[in-house]
Amino acid sequence: MTSAAPAATPSTLTVEKIGGRIGAVISGLRLGGDLDAPTVAAIRAAVLEHKVVFFRDQQHLDADSHEAFGRLLGEPVAHPTVPSVDGKYAFAVDNDHGGRANQWHSDVTFVPAYPAFSILRAEVVPPYGGNTLWANTAAAYAELPDALKLLAENLRAEHTNDYDYAAVRPEAASTELKRFRTVFTSTKFRTEHPVVRVHPETGERTLLLGNFVKRLAGLRGTDSRAIIGVLQSHVERPENTVRWHWRAGDVALWDNRATQHYGVDDSDAHIRTLRRVTIDGDIPVGVDGRRSTLLEPTSVPDPSYGIASGASTDGALPEA
């Protein structure tokens, strides 16, 4: 029986920047739950700086060690509506479970304390296509003209998991649409977030938008859609993005509070299987100091996912 490889230290860790505004590759590490504190601190610093970091050749990871690595960054959380696979916290991202999410989004923003970090591990990749793009929402905010910054800082947006999936994916089969309705929206969430949140670790201001946004509070539908489109277009600017070409064994770790991502649906019917572990986040705070508010539901049987950990509501859930 051979002993496990020793955990790497920061002296063996290298960080190579791959994009001007977002993205880096970290080398010299064997990921798992046995990394020491200085190494974890170095990884955390890298992802806060570069927003998304990538690790090649991590084929040794399985559901348990994937989750164990995640615990070094915080507390893993299950998806609030979709059942997990391969353990309590592993979330399937494949052809039938969100693997064709060709929409810009931050993970699970329809709840107040949406994930701080997401860790995505590639198991099976197609022979072509199936890349993922990430966008830096701090850079998007920073480049706004002052007038748009002032406007965005005074806006709040309603995020929900109950949206028109057929409009987003008109080619989806009826069985897929039915599954979306019965699983993804088994509990309907609505949360009001500030459009500009202050990052709790870096102090940066980031745009909090993406495909879970339904409308801007206090505005008519046409005005709401127009303003969302203008702000979202800055997030999606190519200069603010990085594109990752997956290989089996790759791991991506991103700051979900300062990024959006987009899974490109261009691999035809080829299998693409990834597993995601998400790390619990905190309640966003706007520039004006106001926190996000849970609008619906007002009573949740299991408030463990980003709901009762400090979220203000208009119903039965107390602040903690």
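How exposed is Glu-75 in terms of relative accessible area? Select Glu-75 to begin: this residue is partly exposed, with a relative accessible area of 43%, where buried means under 20%, exposed over 50%, and partly exposed in between, computed with a 1.4 Å probe on protein chains only.

Before going on, note that this is a predicted model, in which local features need pLDDT of at least 70 and side-chain atom pairs count only at pLDDT 80 or more, while totals for chains, interfaces and linings use all residues. Residues are numbered from 1 along each chain as its sequence is written, and side-chain values use heavy atoms, with hydrogens and water left out.

A salt bridge here is a side-chain nitrogen of Lys or Arg within 4 Å of a carboxyl oxygen of Asp or Glu, and the whole structure holds 24 of them.

Next, select Arg-156 and Glu-192, whose closest N and O atoms in their salt bridge are 2.6 Å apart. This pair links distant parts of the chain, 36 residues apart, with Arg-156 in strand 8 (residues 156-160) and Glu-192 in strand 9 (residues 190-194); strands are DSSP runs of E, at least two residues, numbered from the N terminus. Both Arg-156 and Glu-192 are buried.

Finally, select the network in which salt bridges that share partners join Arg-44, Arg-197, Glu-201, Asp-255, Arg-257 and Asp-282.

Methods
Helix = DSSP H or I, 4+ residues; strand = E, 2+ residues; numbered from the N terminus.
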